[in-house]
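The structure comes first, then the points by topic.

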Amino acid sequence: MYEAVADLIDNSIDAGADRIEVRFLADDERVRNLLLVDNGNGMDESALDAAMTVGLRRAYRSGSLGKFGAGLKAASLSNASSLTVLSRTAETGGAGRRMEAREYAADFSCGTVDTSFAAALLDRYGHITSPHGTVIRWDRVRAFETVANDGAARYLSEVIDALDTHLELRFHRFITEGLRIDIVLEHADTGEVIEVENCEPLDPFGYRLTGKRGYPTVFRADVEGIGTVELTAHIWPARSRDPGFRRVGPLLGRQGFYFFRHRRLVQAGGWNGYRVAENHLSLARVSINLPEDADEVFRLNVKKDGIVASPAFARGLEAARDDLGRTFRQYLEDAEKAYREGGSRTVQRPARVYPGKGLEPKVRKTVKNEFEELKGQEPISFIWVPLPDDRFFELDREDHVVKLNRRYRDAFNGERRGGLNDAPVMKSLLYLQLEEFFRMNRWEQKRVDQLEYTNTVLLAAVRSQLDWMTR
Ligand SMILES: Nc1ncnc2c1ncn2[C@@H]1O[C@H](COP(=O)(O)OP(=O)(O)O)[C@@H](O)[C@H]1O
Ligand SMILES: [Mg+2]
């Protein structure tokens, strides 16, 4: 599904959008829709008809991310049972089309959406779609329908996190240049915004200091059929904690080739058969801007998340040199050397149980950037509940919840109504203090005592805070 959302974003970028929202619409039990809202140039009636036609290839500008005239329909209807497209341009009011998966499978036919419905939905997101823009809506998203009734919140926080990482990586160059992408969780009935995750650029080459002198360097490979391909070979500093190093994917998957097509990352790591991934090469990353008209050698794979390279690429690589006459093999050896010499200069941090609901997405992301996740552990969430007066907090070890005494909530929000993610500083401090308790199987008496005095001190603190506020 992440790749499909990225497909929709390609279209928004092609349409000149610089603001995009991916919206999940959910009620208390179910995730209902996925929406993509952009402020691009939009489509009039005839452009909408063309957009819904499968395989109609428009005249693409150079640099366009679209190519086959299929992405919108294929991406949408392989994930949802119904696709609705609503759009308006600077000259035309709202118009729309709808296509059902069964029509897509049969004859690609589509229906027209009532213009007042189109205008109403566009207006609902007028902060993006005025004066022009587009809303793409998926109904009956298959991945949503299999989520258990009480599992929606948990499911969404995982999906939003994973989508966020995916988009931050794929579009990092665009985001750096000013594209704003927000992932928004919206209450389907009230329209209330429950959570917003702003995508920041996640640059897989964003280290501060090179891991080895003499790098990065550019290798020129002559590839039969398409001419010279430039590969920029980087060596990351060893044991980097930089998010651009760690958040890109699983450890062994992060090394290798990063292919860009028109500044859009289409493959994040992997050696495309040239080598096998191994720990020794984990600092080696190579960026390649795919040349125009290189389909003969570099094809997008079926899943659309990577490149299939023909053997001509590997042959070109063998003969490639950089300006100093070095070979690609030498580069790989240097990357191995840097890895070995990197040793254990930095302190190893234990993996942590991640924070979950109740703590601001920005803080959660920061924690993720600092620590690996302790696998198989449910994130720690924070909720305000009624507790006895002498408890500031209680731990629910089973469900990984920190329960906070609702009575003391005002101390953190003053006159304002506290939202789900209120009191980020207090919750972060508590998270840092308590996280290790959720990592342990058995609690010794000493630990229980630590919880006791933490509670006692915080209780005194919050009471003085309230006193101070009402003085
Ligand atoms: N968000 C959008 N804003 C404006 N036009 C769009 C948008 N999404 C799709 N389109 C139009 O629909 C056409 C078909 O899109 P798609 O099926 O993804 O094929 P492709 O992007 O390869 O042309 C695009 O070429 C574009 O003209
Ligand atoms: Mg497209």
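By class, the shell around ligand 1 holds seven nonpolar, six polar and four charged residues; Ala, Val, Leu, Ile, Met, Phe, Trp, Tyr, Cys and Pro count as nonpolar, Asp, Glu, Lys and Arg as charged, and the others, Gly among them, as polar. The model is predicted: local features need pLDDT of at least 70 and side-chain atom pairs pLDDT 80 or more, while totals for chains, interfaces and linings use all residues. Residues are numbered from 1 along each chain as its sequence is written, chains are lettered from A and ligands numbered from 1 in the order written, and side-chain values use heavy atoms, without hydrogens and water.

**Ligand site**

- Among the 17 residues around ligand 1, those that come nearest are Asp-38, Arg-58, Tyr-60, Gly-69 and Lys-73; a residue is near if one of its heavy atoms lies within 4 Å.
- H3 (71-77) and H1 (2-14) are helices that each give at least two residues to the shell around ligand 1, and H3 has the largest share, three residues. Helices (H or I, at least four residues) and strands (E, at least two) are DSSP runs, numbered from the N terminus.
- Polar contacts are pairs of N or O atoms within 3.5 Å; within protein, one must be able to donate a hydrogen and the other to accept it, and residues adjacent in sequence count only if both atoms are side-chain atoms.
- The side chain of Lys-73 places an N or O atom 2.7 Å from an oxygen atom of ligand 1, and a backbone N or O atom of Ala-70 is 3.3 Å from an oxygen atom of the ligand.
- A nitrogen atom of ligand 1 lies 3.5 Å from a side-chain N or O atom of Thr-134.
- Of the 540 Å² of accessible area that ligand 1 has on its own, the protein covers 90% (Shrake-Rupley method, 1.4 Å probe; for residues, only the protein chains shown count as cover).

**Eight-stranded sheet**

- The strand order of this open, mixed sheet is S5-S4-S3-S6-S2-S1-S7-S8, where two strands pair if DSSP finds at least two bridges between them.
- S5 (111-113) and S8 (193-198) are the edge strands, each pairing on one side only.
- From one strand to the next, the twist averages 20°; axes are lines fitted to C-alpha atoms, for helices over the stretch in contact, and angles run from 0 to 180 degrees between N-to-C directions.
- S2 (31-38) and S6 (133-141) run antiparallel and are joined by six bridges, with Leu-36 opposite Ile-136 in S6.
- Helix H2 (45-52) packs on the sheet, touching S3 (80-88) and S4 (95-100), and its direction makes about 15° with that of S4; contact means heavy atoms within 4.5 Å.

**Five-stranded sheet**

- A second open sheet, with mixed pairing, has the order S9-S10-S13-S11-S12.
- S9 and S12 each have a single partner strand, so one side of each lacks a neighbour in the sheet.
- S11 and S12 run antiparallel, joined by four bridges, and Phe-259 has Gln-267 in S12 as its bridge partner.
- Helix H12 (328-342) touches S9, S10, S11 and S13, its direction making about 10° with that of S10.

**Backbone details**

- Most residues other than glycine have a negative phi, and most peptide bonds are trans.
- The peptide bond between Ser-130 and Pro-131 is cis, with omega about 0°; Pro-131 is in the loop between H6 (126-129) and S6.
- Another cis bond runs from Tyr-215 to Pro-216, with omega near 5°.
- Arg-263 has a positive phi near 75° and lies in the loop between S11 (256-261) and S12 (264-268).
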